[in-house]
Amino acid sequence: MINWSSRVGEYPLGDPELHHVAGSIFAEECEPYDAERHLALGTKDSPEQLAKCEYEWYTQDDSHTAALYAARAIFPYLLVGNLRSANKAHLIFTSRLNSGNKSVSVQEVSSKSSDMRVYPVLPLLNFLGLLLLAVQRGSSDLYKQLAKHYAPHVKEVGVWDDALNQIGEMYFGIRIPRQGNPLFDMMGSMMGFGGGSPKPKPKKVEVAPPPPADVD
């Protein structure tokens with residue numbers, strides 16, 4: 001049905017309503033890879049479904065891995081040029097984190113132009129919030145500062161490089177070498193909907209817990 005809608009409808013990647021319905025079903029069945037594939041191309045209601053799905057997946061893992069799951073709800077929307085949905089997914093995921101995991105401390109930081117939640121022991125979650133702010137402002141200088149400051153943490157994750165390179169080019173004009181179609185290659189690799197062997201069942205993402213630190 002989705003393939004048919006892409007051929008005869010106005011949306012080359014398929015009808016958003018159909019993607020939303022399919023993604024919501026996969027989310028309810030705890031199939032995050034397939035949920036991501038569809039909800040990233042869904043409707044304005046899809047970010048809530050995706051963020052909830054990723055948060056439920058996160059609850060099966062250690063508390064310090066929150067950013068790894070939040071990114072899976074944020075990066076897909078940025079990579080299809082949907083900043084509004086990326087912000088919505090970030091807000092819903094962090095709201096659930098604040099209410100559902102009391103062991104994670106959070107500080108509210110406000111300014112005239114924006115409000116932000118800061119997590120003293122989750123630097124990569126802070127990075128994601130600041131990344132969205134940099135994209136909203138279109139500030140390549142801010143993005144470069146973030147990339148430099150959080151480089152050790154991003155390197156430890158080891159799977160964000162392709163996504164961040166593509167985001168750097170899309171929003172800040174930072175050119176990257178092109179081989180094939182980096183947008184769809186990256187999304188396929190990240191969200192697990194490329195061709196080849198069947199996808200593995202979701203499992204915990206192994207990453208070492210961060211040492212106690214001051215607010216980043």
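Helices here are DSSP runs of type H or I with at least four residues, strands are E runs of at least two, and both are numbered from the N terminus. On that basis the protein chain has eleven helices and two strands. The model is predicted.

**Whole chain.** Colour by secondary structure and follow the chain from the N terminus: the elements run α-α-α-α-α-α-β-β-α-α-α-α-α. Of the 216 residues, 44% count as buried. Among contacts between residues at least 6 apart in sequence, 60% join residues at least 24 apart.

**The strands.** Select residues 107–110, strand E1, together with E2; the two pair in the antiparallel sense over four bridges. Valine 109 is found opposite methionine 116 in E2. Now show the side chains of E2, residues 115–118, which alternate.

**Helices H3 and H4.** Two packed helices are described by the angle between their axes and the distance between the axes. Select H3, residues 32–39, and H4: their axes come within 10 Å and cross at roughly 160 degrees. Angles over 145 degrees count as roughly antiparallel, and H3 and H4 are therefore roughly antiparallel to each other. Their crossing is left-handed. To see the contact, display Pro32, Tyr33, Ala35, Glu36 and Leu39 on the H3 side, and Ser46, Gln49, Leu50, Cys53, Glu54 and Trp57 on the H4 side.

**Aromatic rings.** Rings of Phe, Tyr and Trp pair if their centres lie within 6.5 Å, and by this rule there are ten aromatic pairs. One of them joins tyrosine 55 and tyrosine 58, a tilted pair with 5.6 Å from centre to centre and 55 degrees between the planes. These two tyrosines lie three residues apart in helix H4 (residues 46–58), so about one helical turn separates them. Tyrosine 55 and tyrosine 58 are both buried.

**Last stop.** Which residues form one aromatic cluster? Select Tyr33, Tyr55, Trp57, Tyr58, Tyr69 and Phe93 to display it.

Notes. Residues numbered from 1 in each chain as written. Predicted model: local features only at pLDDT ≥ 70, side-chain atom pairs only at ≥ 80, totals over all residues. Heavy atoms only, no water. Phe/Tyr/Trp six-rings, centres within 6.5 Å; stacked < 30°, edge-to-face > 60°. Buried < 20%, exposed > 50% of the residue type's maximum accessible area, 1.4 Å probe, protein only. Pairing = 2+ DSSP bridges. Axes fitted to C-alpha atoms, helices over the stretch in contact; angles between N-to-C directions. Parallel < 35°, antiparallel > 145°, perpendicular 65-115°, else oblique. Left-handed = near helix turned anticlockwise from the far one by under 90°. Contact = heavy atoms within 4.5 Å.
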